[in-house]
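My notes follow in the order I looked things up.

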Amino acid sequence: DMLDGKIARKYNLITDLGKFLDALADKILVISVMIAFVELHRFSGWLLILVVVREFAVSGLRMIAAANNDVIAARMVGKVKTATQMVAISYLMFEPLLLKIFGFGFTGYENLGINAVTIVGDGECDVVCTTTDGTYLSSACKITSANTMAIVRHTPGERVYVPVNPVPADTVLEEALRYVGKIPYIWGGTDLCSGVDCSGFICSVYERFGVNLWGVRTDLYLAGVEVPCIEEAKAGDILCYPGHVAIYDGNGGRVHAYDEGYMVLRDTNIGGYYTIRRIIE
C-alpha cells in the first residue's frame with residue numbers, strides 16, 4: 001500500500017478512482033480477517049458489527065460526495081485508525097509464535113480442553129487446560145471430584161471415550177455441563193461416551209431424564225412449547241438456530257456441540273436463534 005502510494009505520487013498517477021480504491025482495499029482486508037477471527041473465536045462478533053457499520057457509513061458518505069463530483073480522500077486520522085487495526089490483527093495472527101518464543105500472550109480464553117489431570121489424594125485435583133485454536137495457551141485450576149467423570153488417558157488423534165456417570169445430574173443444564181471440554185463434535189454422533197453433533201447432544205442429554213426427542217431430532221424447533229423471549233427462558237431450554245441447536249444456561253450463555261474440531265463447549269454467543277423451546281417445566 002505504501003509502495004503503491006509512493007509510485008503514484010512520484011509519477012503523478014494519482015486519480016479519483018485510486019483515492020477511492022485505496023480506502024476500499026484496506027476495508028476489505030481488515031473486515032475479511034476479522035470475520036476469520038470471529039469464526040476462530042478470537043474476536044467478538046459485536047466488535048466486528050461496529051467496524052462494519054462504521055465502514056458502511058463512511059463509504060456511504062463517500063458515494064454521496066462522489067455523486068456531487070466531490071472526492072473524500074483518506075486523511076491522516078483514517079490512516080492512523082487503519083494502522084492500529086493492522087497492528088492488532090498482526091498481533092492476533094502471530095500470537096502463538098510470540099507465546100512460544102517469549103512466553104506472553106492473551107490469556108482470556110474460557111473454552112479449554114482437558115490436557116492433564118493430577119490427583120492430589122484429598123478429593124481435589126489440578127486440571128491443566130490447553131487451547132486448541134492454534135495458540136496452545138495453558139491454564140490451571142483446582143476442582144473437586146464431585147460431579148466429575150473419569151477420563152481415560154489417550155494419545156492425540158486417538159478416539160475419545162468418556163465413561164458416562166450412571167446417575168444423571170439434578171438438572172438438564174448440570175448434565176450438559178458434565179461434557180464440556182470432554183467429548184468432541186462428530187457429525188451424526190449420538191454417543192455421550194465418544195462424540196455427538198449438536199442435535200445428538202441435546203437428544204442424548206434429555207434422554208438421561210426419560211425424555212425421548214429422537215423422533216424430532218432434526219426438527220427440535222417443533223419440540224415442547226415455545227418460550228416467547230430470552231428474558232423468560234430458563235436453564236435447560238433449547239435455542240434453535242438455522243442448522244444448529246444449543247442448551248440455554250439461564251445466564252446469557254449456552255452449552256452445545258459446536259462444530260468439527262471442537263469439544264462440547266459453553267459460550268455466550270447466543271444471538272441468532274429464531275425460537276426457544278421448553279421441554280421440561
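**Confidence first**

I began with the confidence, since this is a predicted model. The mean pLDDT of the protein comes out at 77, and 72% of its residues reach 70 or more.

For residues 104–116 the model has 40 contacts beyond four places in sequence. For residues 145–156 it has 17 such contacts.

**The whole chain**

I counted six helices and eleven strands. Of the 281 residues, 35% are buried. The protein exposes about 17000 Å², and carbon and sulfur atoms supply 61% of that area. Taking contacts between residues at least 6 apart in sequence, I found that 52% join residues at least 24 apart.

**Asp-197**

Is Asp-197 buried or exposed? Asp-197 counts as buried because its relative accessible area is 8%, under the 20% cut-off. A polar atom of the Asp-197 side chain lies 2.7 Å from the backbone nitrogen of Gly-200. Beyond four places in sequence, I listed Tyr-185, Ile-186, Trp-187, Gly-188, Gly-189, Arg-217 and Ala-257 as contacts of Asp-197.

Next I went to the loop between helix 1 (2–10) and helix 2 (16–39), where Tyr-11 lies. Tyr-11 is exposed, because its relative accessibility is 53% and the cut-off is over 50%. Together with Leu-3, Ile-7 and Leu-13, Tyr-11 forms a nonpolar patch on the surface. The accessible area of these four residues together is about 450 Å².

**Ile-89**

My last stop was helix 4 (residues 76–102), which holds Ile-89. Which residues is Ile-89 in contact with, leaving aside neighbours within four places in sequence? I found Val-30, Val-33 and Phe-37. Val-33 is 56 residues from Ile-89 in sequence, yet their C-alpha atoms are 7.7 Å apart in space. With a relative accessibility of 8%, Ile-89 counts as buried. So my notes have a buried Ile-89 and an exposed Tyr-11.

Key. Residues numbered from 1 in each chain as written. Predicted model: local features only at pLDDT ≥ 70, side-chain atom pairs only at ≥ 80, totals over all residues. Heavy atoms only, no water. pLDDT = per-residue confidence, 0-100. Contact = heavy atoms within 4.5 Å. Buried < 20%, exposed > 50% of the residue type's maximum accessible area, 1.4 Å probe, protein only. Polar contact = N/O pair within 3.5 Å; in protein donor to acceptor, adjacent residues only side chain to side chain. Patch = residues over 30% accessible without salt bridge, like charges linked within 9 Å, V, L, I, M, F, W, Y side chains within 5 Å. Areas by Shrake-Rupley, 256 points an atom, 1.4 Å probe, with all protein chains shown as cover. Salt bridge = Lys/Arg side-chain N within 4 Å of Asp/Glu carboxyl O. Helix = DSSP H or I, 4+ residues; strand = E, 2+ residues; numbered from the N terminus.
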